[in-house]
Amino acid sequence: MIKLQKVSIKQGDFSIEDVSLHVPAGCYAGLMGKSGCGKTSLLEVIAGLRPICSGTVTLNDQDVTHLKPSSRHLGYVPQDRALFPNMRVGRQLAFSLEVQFMPQAEIDQRIRELSGLLSLDHLLNRYPDGLSGGEAQRVALGRALANRPKILCLDEPLSALDEGLHEELCELLKSIHKELNMTILHVTHSRPEAKRLAEKIWHFKDHQVQPAD
Amino acid sequence: MRFFYQNRAAAQVCPKTIVFLGALGILCWFLVFRLGSDSRPKSPWVRSEAQELIVYCAAGIRKPVAEAAKAFEEEYGVVVRLDYGSSGELEGKLELERAQNAPRCDLYIPADLSFSQRAREKGLIAEHLTLASFQLVLAMGSDEDLPTQSLSSLANSDLRFGLCDEKAGAGQKTCEALKAIGLWESTQAAAKATFPRVTELAGAILSSDVIQAGFIWDSTAHQFDLKIIPTPELENIQSTISANVSAQSRNPTWALRLARYLSAVDKGAAFFAKHHYNPANGDRWSLTPSITFYCGGVNREAISPSIKAFEKREGCVVETQFAGCGTLIGSIRSGPEFLPDLFMTCDASYLSMVADHFLHPQDVSSTRVCMLVRKGNPNGIRQLSDLEQADLKVGTTDPAMSTLGALSHAMFEDLGIASSLRQQQSIIVTTPTAHELILQMEGHDKLDVALVYEANCQNLGHNLEIIPIDHPLAQATQNMASGRTTAYPQLMERFMNTILSDQSMESFINQGFEWIGLNSKQP
Amino acid sequence: MDWTQLETALSGLQKHLFLQAQSHRPKSDIPFFTGMICLAGFYILMILLMVCADLCYTDFQSLRQTLGEPEIQYSIQLSLFSCSLSTIMSLAVAVPIGYLMSRFEFKGQSLVDAVLDIPIVLPPLVIGISLLVLFNYPPFHWLSDWVVFEIPAVVLAQFMVACAFAVRTMRVTFDQIPRRYEQVALTLGCNRSQAFWRVVFPQSYKGLLAAGTLAWARSLGEFGPILVFAGSTRMRTEVLPTSVYLEMQSGDLKGMLSVSILMIALSAAVLVLARIFGMQRINA
């Protein structure tokens, strides 16, 4: 589960005050709002990439407010995907496992699993600049899922895709949620997308998060 | 129809652009003005320095001087007032002005060198530029027959002749010439009349029946259309006209400019030639001559005041290059366009390397090589051979590249300590010039001794002292010479005189040099 | 004028504007490219002409004679050694400074920025004398015997200047690498060190190559601080630029140009090789 209690952020002219959010465990939640309202900042707070002025962040019943990002054990897919430019796809997928000095055999096994799940077998030796939009999105997803996180944060994962790919990835996300039973927080500005995928939808409006009608 | 909907923002000019363009415009105007200063003599900056010059001119040389002065006035807008009189009269006026502390004269142009020499001895004049020469002759009216050709029979002849007063140039010259051949008293007694000025005598010869002939200048004779009687005794009796800047002139720079104009081979000389004088052909004309001066770096502090004073006085520009003599020699050898107008060395051996390009050198100063040690002389160094001490750390300049280094190592060899210094590796650092060595001595305590010139040690820190070296090789002599191909040989003469002046001597002595220049009182 | 007339006038205006827009043709690009190429070509030509002038003024005999001198051979070896060492030291220092200045904001950052620029703006002789004076004080004074007027002084003097340029280059390099990569790396279980070495540093190779070549070139050309701090002792602390200066001092123009040509050839060779091998590594 993801729980934000009265979280406040202040950076320069930008500020959010007393935001609270509770995503139950295993829930596919959608967070909607206009561009620039602070949705990405909230995701960064959850991932531990942005400091907060007050409030608490709880993930899976553990207070992670002061924990480093590397200790929060969640998957994060940013809006621009941020695939490492000088690593092949295979190494991107293996990244979080290599960092923990996992045995190579286990790493290879996990890569096979992820490739199968996300149809990345033929892409393992490619560099990110040789991938299409949909392929890159799947690689980013695979990278985030490699370490089996219980929580996945997605920042507008489908915004730059055409209709066909959009449909394909919606199905993929649904099947990942179903198979892996993860808590997913999906940020989007598209209502149909949120309605299609999310079990619960929140609106970020006037610096406040409110459940959608 | 004007379309008001056009994007006005695009048509507006950014204020920063205006400021930038304005600054660029000012810079261009300044550069053009400064670069073109010599070709724009009527600019307000040049004019404001002097409105008027007063010239005391011997009557006999009025015509060429007046014409040249008028041309100068027209070119540069400086009014030139000419006061005529006999050379002696004008000298008297100069003395009176000095006595009354009421200076008026800027330029004094007598008809004979003896007047200018006397004026210099009295301290009435500063600079002296030769303008032209002319000859003393015996002239008569053109319609007269030539009566005699020998001065020895002149006194006994029927010829009615006149003389000039000894105060006039012509009169003084006549007196000198005739005294030299023992004919003065008889000739003076036989003269019909004496005139205060040569022009008056010439006028009398021309118009009066009383005076048939007289001792005047050849140019005056031509001016008045008189016949010159060939006289063997007067063949070599020449007089030199010179322009002399008054020591009390209030506008010495412009006075010098006028003097240079009068003497210039491409300006004043034409006027003198026109009036049958023999022009001296001085430096070619430039309002603000630019000269190149190569000077050894060791002389920098001592000579800088003299350069500034000379530039100010002459109204010229001295482009000085201070550098190691090696660098300067390299430039001199690169090609004729790099030859300087004047070269002053750190040591006379450098001038010998390029002697072909320069005229006769003159010695200026000398400085000795010495040992620079820590205050209190902790290692007890008294003489050069003490450098053999164990664990002593010595610094010299590069022996292959620097005179100072060459002298230092030559002394080591001469004293027989060179090999032990090498074996002990005592010389731990060499540098291109003494300046780096002094910086190293002052900045850090690793070096114990450095061999430098005494002249480099005028501004030492309180933690260092000098130990003199008593050795014949421990001396460098600075000398100077003007370039053979300089366009301004007379200007260079005056520059060298400035460098050899009393003020310059004082400056060199204050900087630790020994003075060996001539043309100045020795301390 | 009534409203009908106004409407008619405005629609006529509209039509005129449309036609004008249709007939607009952008101006030619030729003057733009001509100007750029002329300016660039002028500078490149000047450099090549300077090198040609040097080559024409000296001769093969002079060059061979200069290369044969043991002092010159020593100064070539010392230059190669000291420049390489100072470059490595510069990069080792420039990478952390560039990274910290790029990634973190702290109080007094602009002051630190200014301090890092000091070696660039100070005259070279001042750097030399400052180093000399610094070594008067402990703990530096304890190392004086080993450093001052010795080869380590050459390396240190070159490093002080070259590093300032390397820092600037590395800071710009790290500024251009988005922080997002590190953030993602942190969420994937990295600490900052792992995020830096695994993700950020590999992306900075091009900047590293640029900083390294700049530092090497600066080290080779720098001799002002070396003159005062290390001296110009032949067969000891004399480097190539010092040789040029000493030849000039002695009035030997041909000798000076021979050494200059040597420096040009050496630096061109090293820089070109570094680029070839460096770009191969980056593109691999």
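Okay, a quick definition before we start: two strands count as paired if DSSP finds at least two bridges between them. Keep that in mind, and keep in mind too that this is a predicted model.

Let's begin in chain A. Strand β9, residues 200-205, and strand β10 of chain A pair in the antiparallel sense, over four bridges. If you want one spot to look at there, find Phe204(A): the residue opposite, in β10(A), is Val209(A).

Now zoom out a bit. Those strands belong to an open sheet of six strands in chain A, and the order across the sheet is β6-β7-β8-β3-β9-β10, with mixed pairing. So which strands sit at the edges? They're β6, residues 74-77, and β10, residues 208-211, both of chain A, and each of them pairs on one side only. As you step from one strand to the next, the twist averages 20 degrees.

There's a helix on that sheet as well. Helix α4 of chain A, residues 133-145, packs on the sheet and touches β6 and β7 of chain A, where β7 is 151-155. Compare directions and you get about 160 degrees between α4(A) and β6(A).

What does β17(B) pair with? One partner is strand β14 of chain B, residues 362-374, which pairs with β17(B) in the antiparallel sense over five bridges. Within that pairing, Val369(B) has Tyr453(B) as its bridge partner. Then there's strand β15 of chain B, residues 394-397, which runs parallel to β17(B) and is joined to it by two bridges.

Last stop, the place where chains C and A meet. How many residues does each chain bring? Chain C brings 14 residues and chain A brings 18. On the chain C side, the elements giving two or more residues are α9, 180-187, and α10, 192-203. The most comes from α9(C), with six residues. And if you sort that chain C side by class, you find seven nonpolar, six polar and one charged.

Conventions. Residues are numbered from 1 along each chain as its sequence is written. Chains are lettered from A and ligands numbered from 1 in the order in which they are written. This is a predicted model: local features need pLDDT of at least 70, side-chain atom pairs count only at pLDDT 80 or more; totals for chains, interfaces and linings use all residues. Two residues are in contact if their C-beta atoms, placed from the backbone, lie within 7 Å. Ala, Val, Leu, Ile, Met, Phe, Trp, Tyr, Cys and Pro count as nonpolar, Asp, Glu, Lys and Arg as charged, and the others, Gly among them, as polar. Axes are lines fitted to C-alpha atoms, for helices over the stretch in contact, and angles run from 0 to 180 degrees between N-to-C directions.
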